[in-house]
Amino acid sequence: MTATAFLRSTSRRPLAAGWLIAPLPLLIVAALALPLAGVVGWSVTRPSPGLQNYLGLWELRDLLWRTLRICGLTTLIAVTAAYLIAWSWVTASPRRRVAIELFVLLPFWISVLIRAFAWLVILRNDGPINGFLLATGAIDTPLRLVRNEFGVIVGMVHYMIPYAVFPLITVLKGIDPRLQLAARSLGARPLQRFLHVTLPLSLPGVVGAATIVFVFCLGFFVTPAILGGGRAVMVAEFVYLQIFQTTNWGAGAAMAVFLIAVVALLLLALRRLVALGLGSPAR
Amino acid sequence: MIRRLLLVAVLAFLTLPLLVILPISLTPERYLSFPTDSWSLRHYRSLIENPDWSSALLTSLGIGLVSALLATVLAAAFCIGLWLNPGRRFAAVQALVLLPMLIPGVVTAIALYFGLARLGLIDTLAGTVAAHTLLAVPFAVISVGVALSGLDPKLAQAARSLGARPLRIVLDVVLPLIRPGLVAAFLLSFFISWEEIVVTIFITTSDVVTLPRLIWQELRNNISPAIAAVAVVMTLVTLLALIVRLLLTARGAEARP
């Protein structure tokens, strides 16, 4: 028997490696899946059995609408800014590309807590922005830039931009540069070339990036809690407040279940789009 | 031209928080301010002198190192097990393993709060380490998985045909070959634990205080320049991990023929 024939004959019998594979999935079932089932249980049993916690979500429509509004605006701004960065990256020289990557990756490695702190410092009433505007006489009284929805959106946009840049770069890189030349030879001006060639071809990437950003935003906790100062409570902070301040475990659990259901639906929809070919890079 | 200006504005926006933290941490004043005439290290000194900060720093380092070790070992065992069985499909199990990365942090937090409360492990080191390991493990799985994807499964068969038992194959053949992936998994896991905050807020109260947990409390009570100094220290530790990783990958690339 030659060596290759021997290898082929052994390759059919898998190595017994269950003892290697099993621990991690077991840990995840025990430490995450089972407790999640327990949380679902809370949502329909506390304080009394029934669906009242879910029906009560309707009473929270202001909070849900606020979450939707903040996440929608954040997604819009972050994806637009990220598109600008990604498009500049694709058209830049190799050296400039490295510089852009550095600027995008740098904040990526800074803790979300520290970034919220920094924005609190920058945006507060006696912070540098208000100080500058007051000194130049542009305003008489400090602007309220933080401990409101504006501050939350600034912090969240800052957090989300890097996450949107990379999928957009992937898609924009895949667009054949000769299409630009073809459009130009037909007399299209830069703006026309962008609106009629690049933008439509990159739309799948925009949808993908926007979904990722939006899903991330829905569960944001630290940034709204610190930069919102209690005036911009979103879904995640609501869960926290229900568990630790009003000790209304059922309502907190129901909100968490609702959140994960929405996130799962959005991710499934995105997968469906990808399967239909809308999410794949343009050829 | 307009596009370039906009790009500069966006990149400046991304960098602004960093530019603010460093000077504030060096202010000689008690309150939040930018140093004007002189700068001082008093807020860094207060980190060492104030037992709250120094113990939080040690707690975070300890929890980070232990969770990173556990996450790396679990991920390596899982990925190597899959790699040894190339013919089989484990898509569902792989999705399950990545779950902690996909679920919103606050949902993981409430689930772990529920689970650890059942076990009486709220506000304990063991509970926090378990939670951080769970959160870091998907990232470790990805790092080790990438390293293994470049390794030919025939190697295992060759070793086996020479009479090596599975444990021997793993220890003597696979582990040495994927060492860069293991290091990457360890450092990434450490980073996840080092800056974890959402789950930690839910599962600790007063006994286990990590650095992010203490920053969170301070941010809600009194915002002092000491937080800026902590932020600089935290960022430096992260940078150190990144540099270690870069050096190791560079050395690994040289060592390879």
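A polar contact is a pair of N or O atoms within 3.5 Å; within protein, one must be able to donate a hydrogen and the other to accept it, and residues adjacent in sequence count only if both atoms are side-chain atoms. By that rule, chain A and chain B have three residue pairs in polar contact, both residues at pLDDT 80 or more. This is a predicted model, in which local features need pLDDT of at least 70, side-chain atom pairs count only at pLDDT 80 or more, and totals for chains, interfaces and linings use all residues. Residues are numbered from 1 along each chain as its sequence is written, and side-chain values use heavy atoms, with hydrogens and water left out.

**Interface**
- Contact (heavy atoms within 4.5 Å) involves 74 residues from chain A and 77 residues from chain B.
- There are zero salt bridges between chain A and chain B (a side-chain nitrogen of Lys or Arg within 4 Å of a carboxyl oxygen of Asp or Glu).

**Core**
- The largest nonpolar core has 160 residues (buried Ala, Val, Leu, Ile, Met, Phe, Trp, Tyr and Cys residues joined through side-chain atoms within 4.5 Å; buried means under 20% relative accessible area, 1.4 Å probe, protein chains only).
- Among those with the most contacts inside this core are A:I85 and B:L148.
- Beyond its neighbours within four places in sequence, B:L148 is in contact with B:C79, B:I80, B:W83, B:V174 and B:I178.

**Chain B**
- Chain B has 12 helices and zero strands (DSSP runs, H or I of at least four residues for helices, E of at least two for strands, numbered from the N terminus).
- Of its 257 residues, 49% count as buried.

Terms used:
Chains are lettered from A and ligands numbered from 1 in the order in which they are written. Buried means under 20% relative accessible area, exposed over 50%, partly exposed in between (1.4 Å probe, protein chains only).
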